[in-house]
Amino acid sequence: MNSFELRYSSYYETIIWLFDSTSSCGFRRAAMAICIPVGSCKLFCRAVDLKWQGCRKAQWDASIAFKRCLQDEFSRSHRLSKFSHLQSSKTSQPTINEKWRTPTTVASACLNDGSTKYFDFVIIGSGVAGLRYALEVAKHGSVAVITKAEPHESNTNYAQGGVSAVLCPSDSVESHVQDTIVAGAHLCDEETVRVVCTEGPDRIRELIAMGASFDHGEDGNLHLAREGGHSHRRIVHAADMTGREIERALLEAVVRDPNIFVFQHHFAIDLLTSEDGSDIVCVGVDTLNTETLEVTRFISKVTLLASGGAGHMYPSTTNPPVATGDGIAMSHRAQAVISNMEFVQFHPTALADEGLPVRPDKPRENAFLITEAVRGDGGILYNLSMERFMPLYDERAELAPRDVVARSIDDQLKKRNEKYVLLDISHKPRESILSHFPNIAAECLKYGLDITCQPIPVVPAAHYICGGVRAGLQGETNVQGLYVAGEVACTGLHGANRLASNSLLEALVFARRAVEPSVVHMKSSSFDSSALNRWARPFVPMSLGNHFMSRIISMTNNVRKQLQLIMWKYVGIVRSTTRLETAELKISELEATWEEYLFHQGWEPTMVALQVCEMRNLFCCAKLVVSSALARQESRGLHYTIDFPHLEESKRLPTIILPCSPTKSTWSSRQLHWQPVS
């Protein structure tokens, strides 16, 4: 260990370790380690020695990109009705192997409502990562897919641009690797990048074999688009609705699989964990059925988190309403290591409703994304005086990586006191625009804007968390039995900034890589039914009445808006130490006020409601972002601070947030079932 530094603040303890380059755990660079929240100096950090199997699994980071599309176009009634049939007829009596019949019987006898279900594999999230993984592990055991809303309501479904992969003879894996590392401001883990770029083409071929339909050119080959940061055309796409097409193909395969059971409208409350010596072990998850308001406990041998990101920390985001950081927050509370949370990607070009000829009747739940591919296809950015500005900021102009474009737009808006800029693609042939971007054209036309002859008003919006639950090359975490894939994970691919269209690619690659170790873990695992009594059971406070709940929800909704405004004002595209410290103080005060109100009203620690649980998770993620940003005293990728405006080679280190004792933590930072030991 080369050095050791402590930084204290009112609610955070930041500890920075610099590991020796010859460490047996493979830390080739120093690692920042942050323990949240502060308590006694004797707080334990279980993951300090990172007891990995094989210890080589310290290659890491995160991924997935998105956009909202019209639900009725995707929600084909026959498919959703089949999901309803699956839930009513099959999921109540899941297929379990002989080894698991005894625990099921015991559980039914112990629990009055019988609401405990047993599966070999539990998957939290129904995007590309969760569904692709489900289809593979279903060959080895029973699978529950837990999804917060309808199965198709995921970040995947809103991904417009496509999936990047080397499929053209003039392209190369090495070129894709270098583009990814440059976009990631050289914070990417090179081994992870090479694995993803090398395995990507096969993952695309698998999707095609499963029935996914991508655009082809006149020569019959896949039509490959180019996006910002890419040196070659390598984006496989289905017009501007790629995520929707991938989700369609995967969902249809899931419906046909008799070993996969989909539980829709089930919100994951907290992971169930226990201690096995020095190890933390995940054995399932508690969920809230948001339609029946019943709590269901899922016990599993393996749990995969594929729950997406946390875009709704901010007032404007391209993420769907389900993206409230649930997986990251649950993992942090369950003692998982978190990494690189300061790197929040703001997509440069979300549709600015203020600039539309006809304003929407009501505010959108999430901003409408204008895909990177518009700029890749020749779109040009102008300010409201129709002055092209991107060449002033970067020689790559509109094809610069997202962090550069977002900061450039932000600078223009602040200097000119304007609320949006213009993205113009109208110089391209009308037929080409409509064939490549039919979804964008249709959405804009609803509000009187014809993109074939008018520029599109755009503004940056929160889009993607490059950090998340720290994962190894097979999606493994420091919590035994817990695997991660997709945006919730931090695998090392994205570094300080995600390259366009690398998110779906990463989700596909890590969903497949997590299968083999998951199956091995499942086959070697058993469950002690007596352990069910270890965890207090969450409950919905039905007996307190509607008036009680309406007060709680009204207060929570107001607090949520306040948190979002704090994050946008103080933890946005351009930051400073003063702003971050202000955010830290305001968030802690807001959280304390909210918790005090809840418990004064009669709320209990194990009570649950959707809005309240989401608020816990948003607070948890916001604190992780702020503390990580304060720890990084340089500007790199998505993290730009005016106090440290330059990139420093000595600080080219991943931020590592180690788990700490929950003894003095806030309610939002503790598992609901955790009780202090007297």
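This is a predicted model: local features need pLDDT of at least 70, side-chain atom pairs count only at pLDDT 80 or more; totals for chains, interfaces and linings use all residues.

Colleague: How many bridges join strand 14 to strand 17?

Modeller: Six bridges link strand 14 with strand 17, and the two run antiparallel.

Colleague: Is strand 17 mostly covered or mostly open to solvent?

Modeller: Mostly covered: nine of the ten residues of strand 17 are buried. The general idea to keep in mind is that side chains in a regular strand alternate between the two faces of the sheet. For the protein as a whole, 64% of the 678 residues count as buried.

Colleague: Now for strand 12. How many of its residues are buried?

Modeller: Eleven of the eleven residues in strand 12 (residues 295-305) are buried, so the strand is mostly covered. Strand 4 (residues 116-124) pairs with strand 12 in the parallel sense, over eight bridges. In that pair, phenylalanine 119 stands opposite serine 300 of strand 12. Strand 19 (residues 482-484) also runs parallel to strand 12, and three bridges join them. Here the bridge partner of leucine 305 is valine 484 in strand 19.

Colleague: And which way does strand 11 run against strand 12?

Modeller: Strand 11 (residues 279-289) runs antiparallel to strand 12, with five bridges between them. Strands 11 and 12 form a hairpin with five residues between them, and leucine 293 in the turn has a positive phi of about 60 degrees.

Colleague: Which strands make up the open sheet of three?

Modeller: That one has the order 6-8-7, with antiparallel pairing. Strand 6 (163-164) and strand 7 (224-225) are its edge strands, each pairing on one side only. Strand 6 pairs with strand 8 (residues 235-236) over two bridges, in the antiparallel sense. In strand 8, isoleucine 235 stands opposite serine 164.

Colleague: Let's turn to the helices. What describes two packed helices?

Modeller: The angle between their axes and the distance between the axes. Take helix 17 (residues 577-600) and helix 18 (residues 610-631): they pack at about 155 degrees, with axes 10 Å apart. Helix 17 and helix 18 are therefore roughly antiparallel to each other. The crossing of helix 17 past helix 18 is left-handed.

Colleague: Which residues of helix 17 and helix 18 meet?

Modeller: On helix 17, the contact includes Leu580, Ile587, Leu590, Trp594 and Leu598. On helix 18, Val612, Met615, Phe619, Val626 and Leu630 are among them. Sorted by class, this contact of helix 17 with helix 18 has 13 nonpolar, one polar and five charged residues.

Colleague: What is the packing angle of helix 5 and helix 6?

Modeller: Helix 5 (residues 173-183) and helix 6 (residues 190-209) pack at an angle of about 135 degrees, and their axes lie 9 Å apart. That angle makes helix 5 oblique to helix 6. Their crossing is right-handed. The contact involves Val173, Glu174, His176, Val177, Gln178, Thr180 and Ile181 from helix 5, along with Glu190, Val193, Arg194, Cys197 and Thr198 from helix 6. By class, that gives five nonpolar, four polar and three charged residues.

Colleague: To finish, how many helices and strands does the protein have?

Modeller: The protein has 18 helices and 21 strands. As for its contacts with a separation of 6 or more, 77% are accounted for by residues 24 or more positions apart.

Methods: Residues are numbered from 1 along each chain as its sequence is written. Side-chain values use heavy atoms; hydrogens and water are left out. Axes are lines fitted to C-alpha atoms, for helices over the stretch in contact, and angles run from 0 to 180 degrees between N-to-C directions. Helices (H or I, at least four residues) and strands (E, at least two) are DSSP runs, numbered from the N terminus. Angles under 35 degrees count as roughly parallel, over 145 as roughly antiparallel, 65 to 115 as roughly perpendicular and the rest as oblique. A crossing is left-handed if the near helix is turned anticlockwise from the far one by less than a right angle, and right-handed if clockwise. Contact means heavy atoms within 4.5 Å. Ala, Val, Leu, Ile, Met, Phe, Trp, Tyr, Cys and Pro count as nonpolar, Asp, Glu, Lys and Arg as charged, and the others, Gly among them, as polar. Two strands pair if DSSP finds at least two bridges between them. Buried means under 20% relative accessible area, exposed over 50%, partly exposed in between (1.4 Å probe, protein chains only).
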